[in-house]
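Let's take a walk through a protein model together. Have the sequence and the 3D view ready, and follow along.

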Amino acid sequence: MRFIIQIDINIVGKKLLQEHLERLQLNYILKSNSEVEIAETISCDKLEELTLGLSNYGIEIIENNKDILIQKIKDAIIEFVYLDEELDIRTNISTYLSEKLNYRYSYLANLFSSTTFTSIENFTQLQKTERAKHLMINSKLNCSEICWKLNYSSLAHFSRQFKKVTGLSPTTFKRIIKKMRVANTEELDIEAGE
Amino acid sequence: MQNESTYVLLADDDEDDRLFFKEAFEAIRIKTIVKTVKDGVELLNHLAVNRNKLPHILFLDLNMPFKSGMECLMEIRKTDYLKHIAIAIYSTSASEQDIEDAFINGANVYIKKPHDFDTLRKLLEKVVTINGHYQSSGLNRDGFLLSL
């Protein structure tokens, strides 16, 4: 027996695309036959999985390499910020990124700041300060211990960076968090009392 | 991620300030949609009616008639469907006490109103950028305090 079939390439492509996007539980809109918009920011892993999955069917994601690279830079910065003690104090973010991602630092820096409107240095400081805040909120470490753990050269340097990023000194930040906690527990007590 | 415009809402009773603010947003590099309301009562009504389309950042003037910025802030933080909105206090006061109170009551950002346009533009761009990082880079919002 023989068949003659007629394939509507557009429908096949659309179906395949939908199946893959749904498998990854992405919130998407098909803008046209060749354009997909995803509402949330997609993780590197998911994007790689999607790219790989689609490539089996000859479907290639063309215009997204920059976004992927930006996401990789962000991920690498966060990784860098969390390396702390293991990291040689002299390693700086520029060497770290260019070795890790295999691009010249100047290229990465330009791409990053033209897309995110933040420089890599500022983003690194923001992430590092976030880590310091997290430790201040969730650990019993004091400022000098945090400063040492995060590889700041001195307490004064740590305070200065912290103030530059948040507008608050580490002490003021701690005091505010403490008061917020007290306010929250009082509220819970009132609710429990009712 | 850069394609979606940031939706900004401002509550301020001063007409000149509202205009100044809108113009500053037009001058920044990030795409924004700016809406304004003229007092706290109008603000809370607006949020209640438009609960499907809440702002990415809400800017609150502290001194407003009928309902002050601080009262709005506290009310918003107690309302389930509103409590996650990023809130920036936008005020002429720069007293340490006002700043601390605003943070304790749940503000994320405290901006002292600048007098010149260029400073305002830079400050607003910084707020939108950093807020974007909190939204897209999975930062923990609990510690999102920024004083400018």
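How many salt bridges does the rule find across the interface of chain B and chain A? Keep in mind as we go that this is a predicted model.

## Where the chains meet

The answer is two salt bridges across the interface of chain B and chain A. One salt bridge to look for joins the side chains of Glu100(B) and Lys179(A), at 3.2 Å from N to O. Helix H4 (96-104), helix H5 (117-136) and strand E6 (146-147) of chain B each give at least two residues to the side of chain B that touches chain A. H5(B) supplies the largest share of that side, with six residues.

Now zoom out to the whole interface. Here 23 residues of chain B are in contact with 28 residues of chain A. Between them the two chains bury about 2300 Å², and 60% of that is on carbon and sulfur atoms. The rule also finds six residue pairs in polar contact across this interface.

## A helix with two faces

Next, find helix H1 of chain A, which covers residues 9-23. This helix has 15 residues and spans 21 Å from its first C-alpha to its last, close to the 21 Å expected at 1.5 Å a residue. Which residues of H1(A) are buried? They are Leu16(A), Leu17(A), His20(A) and Leu21(A). Look down the axis of H1(A) and you'll see its buried residues fall within an arc of 125°, so they line one face of the helix.

Back on the buried side, the cover includes strand E1 (28-32), strand E2 (35-38) and helix H2 (44-55) of chain A.

At its start, a side-chain oxygen of Asp8(A) comes to within 3.0 Å of the backbone nitrogen of Asn10(A). After the helix comes Gln25(A), with a positive phi near 55°.

## Charged pairs

Side chains of opposite charge can pair when their charged atoms come close. Over all chains, the rule counts 13 salt bridges. In one of them, the side chains of Arg29(B) and Glu125(B) meet at 2.5 Å, N to O. Arg29(B) sits in the loop between helix H1 (15-26) and strand E2 (32-37) of chain B, while Glu125(B) is in helix H5 of chain B, so this pair ties together parts that are 96 residues apart in sequence. Glu125(B) counts as buried because its relative accessibility is 9%.

Are Asp61(B) and Lys113(B) buried or exposed? Both are buried, and their side chains meet in a salt bridge at 3.5 Å, N to O. Asp80(B) counts as exposed because its relative accessibility is 58%, whereas Lys83(B) is partly exposed at 33%. Salt bridges that share partners also join Asp12(B), Asp17(B), Asp61(B) and Lys113(B) into one network.

Cys72(B) is in helix H3 (residues 69-77) of chain B. With 0% relative accessibility, Cys72(B) counts as buried. Among the residues it touches are Gly40(B), Leu43(B) and Met64(B). Gly40(B) is 32 residues away along the chain, yet the C-alpha atoms of Cys72(B) and Gly40(B) are separated by 6.2 Å.

Over in chain A, Cys143(A) belongs to helix H7 (residues 143-149). Its contacts include Met136(A), Leu155(A) and Phe158(A).

Conventions:
Residues numbered from 1 in each chain as written. Chains lettered and ligands numbered in written order. Predicted model: local features only at pLDDT ≥ 70, side-chain atom pairs only at ≥ 80, totals over all residues. Heavy atoms only, no water. Helix = DSSP H or I, 4+ residues; strand = E, 2+ residues; numbered from the N terminus. Expected span 1.5 Å × (residues − 1). Buried < 20%, exposed > 50% of the residue type's maximum accessible area, 1.4 Å probe, protein only. Arc of directions from axis to C-beta. Contact = heavy atoms within 4.5 Å. Polar contact = N/O pair within 3.5 Å; in protein donor to acceptor, adjacent residues only side chain to side chain. Buried area = accessible area lost by both parts, 1.4 Å probe. Salt bridge = Lys/Arg side-chain N within 4 Å of Asp/Glu carboxyl O. Lists of a residue's contacts leave out its neighbours within four places in sequence.
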